[in-house]
Amino acid sequence: MTSTSERAAEPDVLYDVFSKVCPSRGTLEHVTGRWGALTLGALHQGSFRFNELRRRVDGVSEKMLSQTLHALERDGLVHREAQPTNPPRVDYELTPLGQDVAERLLALIDCVESRMDDVLAARERHDTREAHR
């Protein structure tokens, strides 16, 4: 597997997320931000209407979900399908690119969830040390 630094050294690599002007940085931000990650993870389960998705991504406001979906749609990760019904019906689902990104993201989520006992223990140790300073 080629590391990011090795890829950056190759002349045919056009993007470098570590460069402040690289457009991949914005997409990474959309994908790894709290609402983007949770939205992609939820949509990996299938197509959702807006309010169904809002209930699935517990805690997200209507405004933040709307902004998140717009950013993910712009990046080509989410497809928005408006049905010509009354009232209008809008469904959201992952594109093939979104599926690929969501699968990788879910692997990270699984890793974090499976190691939460270790994280919570580390927090406790840290907080105990800080309290005695």
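Mentor: A residue is called buried under 20% relative accessible area, exposed over 50%, and partly exposed in between. The model under discussion is predicted.

Trainee: Is Cys111 buried, exposed or partly exposed?
Mentor: The relative accessibility of Cys111 is 44%. That value lies between the 20% and 50% cut-offs, so Cys111 counts as partly exposed.

Trainee: Is Cys22 buried or exposed, and how many disulfides does the structure hold?
Mentor: Cys22 has a relative accessibility of 10%. Because the cut-off is under 20%, Cys22 counts as buried. A disulfide would need a pair of cysteine sulfur atoms within 2.5 Å, and the number of disulfides in the structure is 0.

Trainee: Which element gives the most residues to the largest nonpolar core?
Mentor: This core has 22 residues, and Leu40, Leu43, Leu53, Leu69, Val78 and Tyr92 have the most contacts inside it. Two or more residues come from each of H3, helix H4 (50–56), helix H5 (62–74), S3 and H6. The element that gives the most, with 5 residues, is H3.

Trainee: Which residues does Leu43 touch, not counting those up to four places away in sequence?
Mentor: Leu43 is among the residues with the most contacts inside the largest nonpolar core. With that sequence limit applied, the residues that Leu43 touches are Phe48, Leu53, Leu69, Val78, Tyr92, Glu93 and Leu94.

Trainee: Where is Thr95 found, and which residues is it in contact with beyond four places in sequence?
Mentor: Thr95 is in the loop between S3 and H6. Its relative accessible area is 16%, so Thr95 is buried. Leaving aside neighbours within four places, the contacts of Thr95 are Gly76, Leu77, Val78 and His79.

Trainee: Which element supplies the largest share of the lining of the second largest pocket?
Mentor: This pocket has a volume of about 380 Å³. Helix H3 (34–43) and helix H6 (96–114) each supply at least two residues of the lining. The largest share, 6 residues, comes from H6.

Trainee: How do the lining residues of the second largest pocket divide into nonpolar, polar and charged?
Mentor: The lining has 15 residues, of which Ala37, Leu38, Gly41, Leu106 and Ile109 lie nearest the centre of the pocket. By class, the lining divides into 9 nonpolar, 3 polar and 3 charged.

Trainee: What is omega for the peptide bond that joins Asn86 and Pro87?
Mentor: Most peptide bonds are trans. Pro87 is found in the loop between strand S2 (78–83) and strand S3 (89–94). The bond that joins Asn86 and Pro87 is cis, with omega about 0°.

Conventions: Residues are numbered from 1 along each chain as its sequence is written. This is a predicted model: local features need pLDDT of at least 70, side-chain atom pairs count only at pLDDT 80 or more; totals for chains, interfaces and linings use all residues. Side-chain values use heavy atoms; hydrogens and water are left out. On a 1 Å grid over the protein atoms alone, a cavity is a set of points where a 1.4 Å probe fits but cannot get out, and a pocket is an open set with protein on both sides within 12 Å along at least five of seven lines; lining residues have an atom within 4 Å of a point. Grid points are joined across faces, edges and corners, and a volume is the space filled by probe spheres set on the points. Ala, Val, Leu, Ile, Met, Phe, Trp, Tyr, Cys and Pro count as nonpolar, Asp, Glu, Lys and Arg as charged, and the others, Gly among them, as polar. A nonpolar core is a set of buried Ala, Val, Leu, Ile, Met, Phe, Trp, Tyr and Cys residues joined through side-chain atoms within 4.5 Å. Buried means under 20% relative accessible area, exposed over 50%, partly exposed in between (1.4 Å probe, protein chains only). Contact means heavy atoms within 4.5 Å.
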